[in-house]
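Take a look at the structure below. We will start with the whole chain and then turn to one residue.

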Amino acid sequence: MVSTINSRAMARSRIAALLNRRASAAHNSAGFTLVELMISLVLLAILLGMGVPSFQTLIAEQRLRAVSSDLRIALNTARSEAVKRNRDVVLSPSGSGWAGGWSIASPEAGDPDLLDHPEAGGVNITGPANVSFSPLGRASIADFEIAIAADTSTGLCLHMEIDGRATATKGTCP
């Protein structure tokens, strides 16, 4: 009888030890501690603080490239329409200057505009009063300066030659 009691006591102690081992293993691998979580959040905040300014510069440069590309496409469209229709075609600013958008009016009376470009938000554009293309595809030399409204030091110059070809360069126009 004593041996039965001892064997039961030993079995209970083994079960208790096994349960304690499982409980301590579960407790040790439960996840992150509060300190570890706070340290990782601080490191993440530091990395974001370093990366956000360069990301804003990237967005501003991309906005300049996009507006420059849109304006160059409009110049090419006006030139090709002048040659195709064998008539003068005019690209002009709409609204309050080039930053307010631009349009290509149809040379045919009563026809809708060939192109209407919406406002270029957050960008300043300076250029000629309008650009007129002859039926031969020629135009007067024109320069467009495109700059971010908040940072005028970052800009592009879109230069158009007499043959109607436009090229973009970084910086201000000469």
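What follows is a short walk through this structure, which is a predicted model.

Begin with the chain as a whole. It has two helices and eight strands. Their order from the N terminus on is α-α-β-β-β-β-β-β-β-β. The chain holds 174 residues, and 24% of them count as buried. Now consider contacts between residues at least 6 apart in sequence. Of these, 46% join residues at least 24 apart.

Next, find strand E1, which covers residues 89–93. E1 pairs with strand E2, residues 102–104, in the antiparallel sense. Three bridges link E1 and E2. Here proline 93 stands opposite tryptophan 102 of E2. E1 also runs antiparallel to strand E5, residues 131–133, and three bridges join E1 to E5.

Now zoom in on valine 90, which lies in E1. Which residue of E5 is the bridge partner of valine 90? The partner is serine 132.

What else does valine 90 touch, leaving aside residues up to four places away in sequence? Its contacts are Ser103, Ile104, Ala105, Asn130, Val131 and Ser132.

Key. Residues are numbered from 1 along each chain as its sequence is written. This is a predicted model: local features need pLDDT of at least 70, side-chain atom pairs count only at pLDDT 80 or more; totals for chains, interfaces and linings use all residues. Side-chain values use heavy atoms; hydrogens and water are left out. Helices (H or I, at least four residues) and strands (E, at least two) are DSSP runs, numbered from the N terminus. Contact means heavy atoms within 4.5 Å. Two strands pair if DSSP finds at least two bridges between them. Buried means under 20% relative accessible area, exposed over 50%, partly exposed in between (1.4 Å probe, protein chains only).
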